[in-house]
Structures are given as C-alpha cells and as structure tokens.
Amino acid sequence: PECHQHSDIEVNFLEIGSFTYLHGGQLVHVPNRALVVFWAGMPHQVVQLDQGTHFKGLSIPLPWFLMWEIPENLVSYLLRGEMVFVPAGRIIKFYESQMEIWLQDLIADTLESRKTMLLEIEAWFRRVAQSLSNQKETGVHLGSNRTYTIGGALAKVQQMAKYISENYMNPITVADVASAVGLHPNYAVQLFRQRTGTTLVDFITMQRLGHAQMRLATSDIKVLDIAFEAGFGSASRFYAVFKQHLGMSPMDYREMLRSSRT
C-alpha cells in the first residue's frame with residue numbers, strides 16, 4: 001500500500017499476471033513468468049497490478065546474503081540498485097518447483113529442514129550469478145530495462161521520483177521537486193502521497209538512507225563523509241534517521257555486514 005524499504009535481498013517470480021514497480025526513481029514493469037532479484041534497501045512499491053496476479057516471493061537478510069560470498073557480479077548489480085531480471089530457463093523452473101519444498105521446510109521448522117533450505121537457496125543464487133556471467137560473455141544486457149513509461153498522474157509521480165533519485169545528494173526541497181515536473185507544490189505533495197502512500201520528504205530521506213546503506217556495505221569511507229555524501233545536512237540527522245529505520249547505528253550496521261563476510 002505504500003513505498004517502503006528494508007535491508008533484504010528480494011526475489012519475485014510472476015507466476016500469474018504482471019505488475020509494475022516504482023523502484024528507486026524508475027518504473028519497472030515485471031511481466032508474466034519473469035523472475036527479478038533486487039536489493040530492497042532502495043525505495044520500492046507495486047504501483048500497478050493485473051487482476052489475479054500471483055507471485056512467489058523470497059526475502060533474504062542482507063548479512064546472510066553477504067555471508068554466502070555470492071559471486072561479485074550479482075552482488076554489485078544488486079547493491080547499486082539494479083533490478084536484475086534472471087534469464088529464463090531452468091533456473092526459473094527450479095525456483096518455481098523448489099518454492100513448494102521450501103515452504104514445507106518452513107512449516108516443518110526443524111534445524112535440519114532450515115539448514116537444507118538455506119543451502120539450496122544459496123546454491124540457487126550462485127546459479128543466478130553464473131547465468132549472468134554466461135549472458136555477459138554474449139553481450140546481453142543484464143540489468144533491468146527501465147524504459148517502461150506510463151501516462152496520467154502516475155507519469156508525474158515517476159517524474160518526481162526520477163528527479164529525486166538524480167538529485168537527493170543535493171539540498172533539494174519539495175518546491176524544487178514540484179518545479180521540476182511543472183506542478184504546484186501543494187498539488188505535487190498531494191499527488192505523490194495519494195499514489196505512493198509516502199510524502200515527498202520521506203521519499204527523499206529514503207533515497208538518502210538507501211545510498212548510505214549501499215556505501216556502508218561496499219566502501220571504507222568514513223561514516224560522517226557518507227552522511228554528507230548521501231545528502232544529510234548534519235551528522236545528528238543522519239544518525240537519527242538511520243537508528244529509526246534500521247534499529248542500529250551506521251557503525252553497528254557496517255560492523256554487522258563485515259562480520260557476516262568473515
């Protein structure tokens with residue numbers, strides 16, 4: 001019902017129907033029988049949904065995913081905000097059939113069933129990374145196709161989200177966003193809230209938070225430098241937002257991710 005983010009690697013397989021994500025600052029259409037993998041630290045929301053759509057989803061906490069040391073080609077795509085479409089074929093078929101077994105493993109809730117399930121999920125991610133490497137050798141683009149466009153009010157929402165995703169590192173205001181898409185600020189605020197359940201200010205903050213998480217996970221840059229790079233005007237504001245959304249300090253978050261890789 002609203003734009004959100006969480007620090008997991010998410011998998012969606014469209015078994016029936018299709019939907020459109022607002023992911024980061026772009027609309028991404030996920031068609032029938034497609035399977036996508038993305039890092040949910042980027043603000044995202046389903047904004048259009050075919051009637052009767054059904055998908056099989058999976059979320060893996062980021063520290064678990066990093067602990068597995070999945071090949072870097074997949075990890076780098078995900079952490080920089082790409083929504084990766086898995087090449088069609090046996091990897092998708094395996095996911096679809098194995099999901100039923102994994103659900104039974106969760107219901108059984110034994111140490112052995114969970115261990116087996118996690119080993120199989122890790123192996124599946126490795127096969128995804130391997131398939132992307134094979135695709136790369138043939139010159140096929142691996143990242144998501146973000147050229148999907150739509151008309152009406154949602155087009156204005158996409159334009160606002162895109163402007164924010166391209167400018168959140170700067171001290172932008174609601175008035176700046178509204179002006180960029182040719183709307184009165186009051187109407188821009190109302191329209192964005194109606195279609196995403198999130199305010200423009202919160203969406204800007206979510207973009208900055210996602211950027212900070214990505215940099216904490218992939219660099220050794222000082223926390224304070226990351227805060228200002230991401231667009232937070234002060235260290236206190238950054239720490240308060242980070243603690244509110246992730247329940248820990250930026251340093252603790254970085255340490256958690258590092259410890260998962262050792």
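Q: Which residues of helix 5 meet which residues of helix 8?
A: Met160, Ala161, Ile164 and Ser165 in helix 5 meet Leu200, Phe203, Ile204 and Gln207 in helix 8, where contact means heavy atoms within 4.5 Å. The model is predicted, so local features need pLDDT of at least 70 and side-chain atom pairs count only at pLDDT 80 or more, while totals for chains, interfaces and linings use all residues. Residues are numbered from 1 along each chain as its sequence is written, and side-chain values use heavy atoms, with hydrogens and water left out.

Q: What makes helix 5 oblique to helix 8?
A: The axes of helix 5 (residues 153-167) and helix 8 (residues 200-218) come within 9 Å and cross at roughly 40 degrees. That angle makes helix 5 oblique to helix 8, because angles under 35 degrees count as roughly parallel, over 145 as roughly antiparallel, 65 to 115 as roughly perpendicular and the rest as oblique. The axes are lines fitted to C-alpha atoms, for helices over the stretch in contact, and the angles run from 0 to 180 degrees between N-to-C directions. Helices (H or I, at least four residues) and strands (E, at least two) are DSSP runs, numbered from the N terminus.

Q: Why is helix 5 called roughly perpendicular to helix 7?
A: Helix 5 and helix 7 (residues 185-196) pack at an angle of about 100 degrees, with their axes 10 Å apart. Helix 5 is therefore roughly perpendicular to helix 7. The residues of this contact divide into eight nonpolar, one polar and two charged.

Q: Why is Lys162 called partly exposed?
A: Lys162, which is found in helix 5, has a relative accessibility of 32%. Buried means under 20% relative accessible area and exposed over 50%, with partly exposed in between (1.4 Å probe, protein chains only), so Lys162 counts as partly exposed. Leaving aside its neighbours within four places in sequence, Lys162 is in contact with Gly25 and Gln26.

Q: What makes strand 3 and strand 5 the edges of their sheet?
A: Three strands form an open, antiparallel sheet in the order 3-2-5. Strand 3 (26-30) and strand 5 (44-49) each have a single partner strand, so one side of each is left without a neighbour in the sheet. Neighbouring strands of this sheet are turned by 30 degrees against each other on average, direction ignored.

Q: How do you know that strand 2 and strand 5 pair?
A: Strand 2 (residues 19-23) and strand 5 are joined over five bridges in the antiparallel sense. Phe19 stands opposite Leu49 in strand 5.

Q: Why do strand 6 and strand 7 stand at the edges?
A: The other open sheet has four strands in the order 6-1-4-7, with antiparallel pairing. Strand 6 (54-61) and strand 7 (84-85) each have a single partner strand, so one side of each is left without a neighbour in the sheet. Within this sheet, five bridges join strand 1 (residues 8-16) to strand 4 (residues 35-39), and Ile9 stands opposite Trp39 in strand 4.

Notes:
Two strands pair if DSSP finds at least two bridges between them. Ala, Val, Leu, Ile, Met, Phe, Trp, Tyr, Cys and Pro count as nonpolar, Asp, Glu, Lys and Arg as charged, and the others, Gly among them, as polar.
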